[in-house]
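Let's take a walk through this model together, from a single residue out to whole chains. Please have your viewer ready.

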Amino acid sequence: MRMNEGRIGWAEGISVSALTLFSCGVFALDPSFAYENGNLTYLSIPLSMLVSLLPVLFIVGSMKKTGSRDLASHMRKTMGGVLAPAAALPLVAALVYCAARPLINFTEVLHRLVYDGVSYPAILSFVIPVTVFIAWKGFESIGRLAVIFTGFIALSVAAAAISAAPSFETYRLYPLYSGGTGSFVSFTASETLMFIPPLAALTVCGSGLNGAENAGKTAAVSAAAAAFAACAVQLAIGLVYPYRVLSGLLMPLYRINFLSLAQSYALRLDKLFIMVWLNGAVISAAYCIYAASRLFAGTFAMRDVTPAVAALSAALLFTVMFGVLRDFASVSRVDSAVKKYGWLAAAAPAVLAIPRFRRREKE
Amino acid sequence: MTFSDRIKGGIFAFDKGDDRFELNETESGEPPVFGKRRPVGAADTRADIPERIPRSIEKLQKELERRFSSDVDHDLIMRRFLIAGRTPALVVFMNGMADDAKVNEFLLRPLIRLEGTDTDPKALLNGAVEIAESATERDLSLALDSVLGGMTAVFIEGQRECILSETRGFEKRAVEKAENEQVVRGPKEGFTESLRTNITLIRRILCVPDLVVRQRASGGRNNVKLAVIWRRGVTDERLLAEVERRLDGVDLAAVTSSGMLEQMTEDCPLSPIPQMLSTERPDRAALHVMRGRVCIILDGCPQALILPVTFFTLMDSPEDIYMRRPLGTVLRVVRFTGAVVSVLLPGYFLALALYHQGVLSTEVLSTVIASRRMVFEPIGVEMLILLLIFQMIREAGQRVPGSIGQAIGIIGGLVMGQAAVTANLASSVVLIIVAASGLGNFCVPDYPTQIAASYLRLAIVIAAWLGGLLGIVAAALLAVAHAAGLKSFGVPFLAPFAPRTFRTKPLVLRGPLSGQAADDELNTAYDRRIRRREQ
């Protein structure tokens, strides 16, 4: 068996999961959709993160009933060797998409604002190989990298947000949400589906986290931590830019830097900041690719995870290239498709596990 | 249970606190991408079948003359004599390795002048042999190995056992200053090439009964011995088992240096990062043994290997704890800063100069442009050439004798640098960057780590040349990912930072001398006892 999994502790587990949720919630947001009717992302995104925890905890409960240490073995136990791979494929696809989404945004920002005129493939030639290498190194390395970089990323995000404090104006938060409650609920629900795959990845790597129960605890703590951080960052962004401006801004957290840092000679750190954040996106992407590969290998009863890592890395490259080389509208279309039908990814294992769950309950 | 306890035990506590990461590889591991698995148990196969000692002295002497080519090689001294004037015996020792006077005075004379009839080796050992370190041996191969190591064997007619006495008396270097790990404050002496002397140097510092020194074959066919040193009851038993397993796997034509052992037993031999600490200071080795690590000393090599190690162990200097805490803290901060500057500064400068000029102020930018006005090669090439020249000066300085080496350093640093700037071969700004980076590199206390850092610096410079800050991020992430996945005898290389352990002392700053007696990442028995008591 070569699953490159090892075992990691709570600090690594929480770091990697929170980092992935934060990357998806802050760096991978589609601005035209998120700020379409106003700005309530500082509430909707944290709420989405916490709501997305529920199906994951349900899966964890189901895993505990079957005594499974990871999602792949749980699915094979509950669904058998034929249905399990089929049910796992949507989650695998969703994880690859979650890996690609922040990388697409970062590549776009690097292309437009950091390396003016440099081609997308040139930028991706630095990003994708590193992501693949980290995913190939396995869960232990990913967890440790996350612990190392989480502190730097948190500091740089906090510095960027705090440096924009002189520009904060509360009136920019108005209107809260012109689409009404229905629109808010719809947005929150659709965002929830984006956060389920990264959280479900913890159950995929459950054995690396010393069991399903620890995976559940890690999911809970990391969702809470990421929700808090995302709330603070989105609030800072909302206080700086009105929603009409935001809907046209790609990665507004980076634009915040220009307000204050560019004016000061000593603090021209905007480019350093984005590079630090890119580390987070790369680690998150590697984590998602590893989890997808682990699930794929586990459900297909493969004894080696590396072929799956290679195949899904190719899928990641294709997705990112598709995202950056086509116009952004197509990415938005993919986004909305995932948000509409993405629930199938996490729902399939959970729903198909219900009979087993209920049978055990009766026993 | 209070609410806070429930929070602590329910959410923040995991099932298996002690086993959060694997400390030892207890299996031979996964097959590597290239090459075969490391062979296990190849070294001691010869010792499995004991070779009987012939009862006839005549026959034995002929056998020894054949084995040691006595027709051309006269180094093996074989002298026949009569014990108590009656029983024929043969004393065997290696000329130059054993002390003749000791053999004559305390072995031959008492046996020849013996009064009595009992020629049983054990009885002779008790009643005649006047050398304290003596024993009997039934295996001829082991007896001859000991003779080759400087001991003297006495074979007696009609006996299947021989007497082995410690008579080593070969020439060896005296205990001198540790040349490569000098400190201003603290012990000065260093290891020598003699295994016995080195063990004594450690025993003199660690006067504890739980210190265990196990001598065993090194695995080389040259029959050199090594000593594995640890503390019973403190060092993790699984770690010891893993050390023994890996040492069993060593099978080389000759083991002449601890560096060879290191390569044969480390987790990832292809990595540029060292996974063991090589030291020539007994005090440093003793301190690590005291904390629960294992020390390996090879006979004939003045460096001891310490394992397992982490990144922070490699960045430690013995002086850190010999100085007062504030001074030690400053030293460590300077050292870590130096290491970071050494690795990142040239690449960072290159990235800013080539891709991100907006980060630099107009004044800095114009200074850089002015200094490079007449320099003909691109800045990337200039940086690489200067780094290469710096490495060459360093290599040259190390290979030539002391005073000339220093002169080369001065000539290289001052004359060549100044000449290069005057001749417009290099710009002064790049020269200063390379010099600062080189100085930072020297702050790293461990020599193999210095070399690894200089390779990483080169990789980062190339990456920065190709992709600016993005290149640096890519190269640094690759390096950190590699280090994060690395293990030294099962202990994660970046522990106790990643993964986190229960360590309470600071990592970069110097902590108090009192407190944790053992490093937590080593999972020592000492720590387990403390934790159990706390629970």
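In which helix is the place of A:Ser222? A:Ser222 sits in helix H8 (residues 212–240) of chain A, where helices are DSSP runs of H or I with at least four residues, strands are runs of E with at least two, and both are numbered from the N terminus.

Before going on, a word on conventions. This is a predicted model, in which local features need pLDDT of at least 70 and side-chain atom pairs count only at pLDDT 80 or more, while totals for chains, interfaces and linings use all residues. Residues are numbered from 1 along each chain as its sequence is written, and chains are lettered from A and ligands numbered from 1 in the order in which they are written.

Back to our residue: is A:Ser222 buried or exposed? A:Ser222 is buried because 26 other C-beta atoms lie within 10 Å; the cut-off for buried is 20 or more such atoms within 10 Å of the residue's own C-beta, with 12 or fewer for exposed and partly exposed in between, C-beta atoms being placed from the backbone. Setting aside neighbours within four places in sequence, A:Ser222 is in contact with A:Ile14, A:Ser17, A:Ala18 and A:Leu21. Contact here asks that two C-beta atoms, placed from the backbone, lie within 7 Å.

Now turn to chain B, which has 18 helices and 12 strands. Of its 535 residues, 38% are buried. Among its contacts between residues at least 6 apart in sequence, 67% join residues at least 24 apart. An automatic or database domain assignment divides chain B into domain 1 (48–165), domain 2 (195–309) and domain 3 (326–492). The centres of domain 1 of chain B and domain 3 of chain B, taken over C-alpha atoms, are 61 Å apart.

For a pair of helices, look at H6 (residues 195–205) and H9 (residues 282–290) of chain B. Their axes, lines fitted to C-alpha atoms over the stretch in contact, with angles from 0 to 180 degrees between N-to-C directions, come within 9 Å and cross at roughly 60°. That angle is why H6(B) is oblique to H9(B): under 35 degrees counts as roughly parallel, over 145 as roughly antiparallel, 65 to 115 as roughly perpendicular, and the rest as oblique. Here B:Leu201, B:Ile202 and B:Ile205 in H6(B) meet B:Pro282, B:Asp283, B:Ala285 and B:Ala286 in H9(B).

Finally, the two chains meet through 29 residues from chain B and 36 residues from chain A. On the chain B side, helix H17 (residues 447–485) gives the largest share, 12 residues.
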